[in-house]
Amino acid sequence: MPLQGKHILLIITGGIAAYKTNMLVRDFVKKGAQVRIVATPSSAQFVSFATLATLSGNEVLSEFWTNHQTWNNHVDLALWADLILIAPCTANTLGKLTHGLCDNLATTVYMSAKCPVFIAPAMDLDMYAHPTTKQNLEKAQAFGHTIIPAEFGALASGLEGQGRMAEPETIARMVSEHFQTTQVSHFWKNKKVLITAGPTYEAIDPVRFIGNHSSGKMGYAIAEEAAKRGAEVILISGPSSLSVRHSNITLRRVVSAKEMHDEVFQHYASAQIAIASAAVADYAPKTIAKEKIKKNENNLVIELVKNPDILKAMGDQKKDHFLVGFALETQNEEENAKDKLKRKNLDLIVLNSLKDPGAGFQNSTNKIKIISPDQTLDFPLKSKTDVAKDLLDTIEAKASK
């Protein structure tokens, strides 16, 4: 059973859908999971803490102190969990999660998490459809969290539409499937995986730089998935607002292409798999002004010099590595990607086109082709989390031959 012995920390917030958590807890326990519950004070208006404590076998925690004597350590709670499930997640709590606000035990536990986080939103249909809610859900997904979409049906307001929390059976199934698909793989266990992510910024002066629109979302998603599968991950990231959650990931932050090159070759020799998803600037200013350049002339000429080709150097130094590159193209996409695959001595190249809606920089989705010397695999538009799974499945299949 996939839930046998798993530690599930359920965070319950103050919405009417909280009543469904009784069935959810009972189902998790029946399937062998250990369940601990952190609830916001307002959730007590919708569900009985005594009932939940009986079903889970553990006291429901709602405040930092129990009876002004026992400190409920948010860090210990977060580290105990194999998975954190926030159900129901109200619009208010969702906003707190995505903006780093922790004013209660539940949100502080969330901010301390290093495990996967599942979010089951629940609110009235107009609130669920509001642009702020959509942005917050997208932001949570960009953090690597799994969103369990709200379902259509009758709502507490008397209206009908999308906003009701997914049924306990649906949530339990998704949590079970997570543990089925993220068991440590013998292939990935103890393998060292080197991943590059994000853009590089090439300084013009102390204020300005040359860069691109890469957010790093794809590389961070790959790193999280590889870590879940048991790999030891070195993630070398250019400037990005993203952070890592899994303890198997060591994050090295850099700024320029030269810094990324030097950091890559600190780790490349000891890696078995390398995935270069970073959008590295091809050129950098020849001279970096020591002071801010003033607007004295109508035209400004900046002489650029070529940056080191990190991926080409990795291909040239490849020994027993399995090497994966990325290609973002706007024309002759497949032809250019296959040329890059051969020229840079890669085992696989991941092609995405800026012509495909939902693909490319900044998005939480991507549409890719994975090209090897003997095969091209075409995938539909998916979340970058699912794209990462497809890529790692392909690497495992190819490298195991």
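Helices (H or I, at least four residues) and strands (E, at least two) are DSSP runs, numbered from the N terminus. This is a predicted model, in which local features need pLDDT of at least 70 and side-chain atom pairs count only at pLDDT 80 or more, while totals for chains, interfaces and linings use all residues. Residues are numbered from 1 along each chain as its sequence is written, and side-chain values use heavy atoms, with hydrogens and water left out.

A pocket here is an open set of points, on a 1 Å grid over the protein atoms alone, where a 1.4 Å probe fits, with protein on both sides within 12 Å along at least five of seven lines, and its lining residues have an atom within 4 Å of a point. Grid points are joined across faces, edges and corners, and a volume is the space filled by probe spheres set on the points.

The largest pocket has a volume of about 1100 Å³, and among the 43 residues that line it, A278, A279, V280, F326 and K340 are the closest to its centre. Strand β18 (322-329) is one of the elements that supply at least two residues to this lining, and with 4 residues β18 gives the largest share.

The second largest pocket holds about 500 Å³ of space; of its 30 lining residues, A142, F143, G144, S243 and R245 lie closest to the centre. Here α9 contributes the largest share, 6 residues.
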